[in-house]
Amino acid sequence: MAAIGGSARTTAPANVRARSVMFKALKGMFARADAPIAEDERDAAGKPTVTLAGALKHGWLDVWYQPKVSLQTHHWVGAEALIRLRHPELGILGPGAFLPGASEADMLTLTETVIATALRDWNDCAALGMPGLHLAVNVPASAFVEIPIARIIREERPKSDKWPGLILEVTEDQIVNDLKMANEVANELRQQNCSLAIDDFGAGYSSLGRLRQLPFSELKIDRAYVMDCHLDKVKAGMLESIIELARRFGLKTVAEGIESSHESHKLQGLGVAVGQGFLFAKPMSKEDLLARISATTGKRRVEQPRSWWQFGAVPTLRAG
């Protein structure tokens with residue numbers, strides 16, 4: 001495969017697709033978030049129908065963050081970027097309300113925009129005294145061959161030498177089927193101080209032995225193994241195997257969905273490095289994230305004028 005953003009399957013069509021995706025995003029910028037909802041965006045009963053295409057069109061999307069916490073110190077060490085929709089009638093909606101049925105083009109637009117937003121948001125975190133916060137973005141495997149992720153990061157990345165890099169999270173079942181692509185992607189990203197993480201590990205039931213073939217630096221353990229792990233001996237045993245293998249391969253372990261102190265203590269005892277879940281913090285808006293950081297560090301934020309584009313600066317059109 002060529003550089004990320006080129007495609008092993010396509011050449012010119014990939015360039016056209018990337019431009020088409022970004023033109024669609026640009027078109028959405030000019031829509032007002034308070035514009036009335038069109039008739040074709042309501043069902044027969046007159047209730048709003050919510051789609052990713054509509055959210056992009058109206059500029060309703062926000063990037064929120066859920067902190068990741070060191071299980072040893074309980075200090076914030078990172079945060080995962082999550083998408084939310086601010087609907088004028090329905091309020092804040094999670095991705096389950098608008099991502100199902102989304103087109104590939106809209107998903108690519110969303111992916112590119114969230115990556116660029118996370119890169120910019122790190123600057124605000126650093127300015128408040130938390131430069132070590134390692135931000136992470138979920139990326140569908142198809143995006144690695146459809147949009148120029150390495151180039152986007154190279155052009156949009158913070159210029160500070162304190163930037164710890166960006167983590168791109170890919171689910172286990174998406175990536176194990178194309179190990180060659182995964183290795184090429186990882187090599188491209190390393191040049192930009194970025195890395196890959198296996199998200200929801202264990203949900204795909206792939207062989208643990210395949211970990212050594214995957215170019216990841218972080219392994220996120222699926223919530224199914226975390227829930228009641230302090231009570232379930234089978235889960236505890238499986239966690240021990242996963243953690244030991246991750247340690248042998250030099251992977252940092254992150255436990256997802258921690259909701260109780262009992263789970264946290266058990267995971268810490270097993271050697272998990274980082275935790276994420278409602279026990280520590282629920283997903284929060286960027287403004288709330290920065291407020292929490294400011295309260296921790298004592299540094300005040302210098303307010304910047306809000307950009308007219310919901311996600312920040314106008315994206316640059318990029319060919320594949």
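This is a predicted model: local features need pLDDT of at least 70, side-chain atom pairs count only at pLDDT 80 or more; totals for chains, interfaces and linings use all residues.
Helix α11 comprises 12 residues, 286-297. At 1.5 Å a residue, a helix of this length should span 16 Å.

Five positions of α11 were examined for burial. K286, L289, L290, I293 and S294 are the buried residues of the helix. They cover an arc of only 135° around the axis, which means that they lie on the same side of α11. An α-helix has 3.6 residues a turn, so residues three or four places apart point the same way. The exposed residues A295 and T296 are carried on the face turned away from the buried side of α11. Several elements contribute to the cover over the buried residues of α11. Among them are the strands β1 (61-70), β2 (76-87) and β10 (284-285), together with helix α3 (104-127).

Strand β6 spans residues 195-201. Of its 7 residues, 6 are buried, so β6 is largely enclosed by the rest of the structure. β6 pairs with β5 (residues 167-171) and the two run parallel, joined by 5 bridges. In this pairing, E169 stands opposite A197 of β6. β6 also pairs with β7 (residues 218-221), again in the parallel sense, over 3 bridges. Here F201 stands opposite I221 of β7.

How values were computed. Residues are numbered from 1 along each chain as its sequence is written. Side-chain values use heavy atoms; hydrogens and water are left out. Helices (H or I, at least four residues) and strands (E, at least two) are DSSP runs, numbered from the N terminus. The expected span of a helix is 1.5 Å times one less than its number of residues. Buried means under 20% relative accessible area, exposed over 50%, partly exposed in between (1.4 Å probe, protein chains only). The arc is that of the directions from the helix axis to the C-beta atoms. Contact means heavy atoms within 4.5 Å. Two strands pair if DSSP finds at least two bridges between them.
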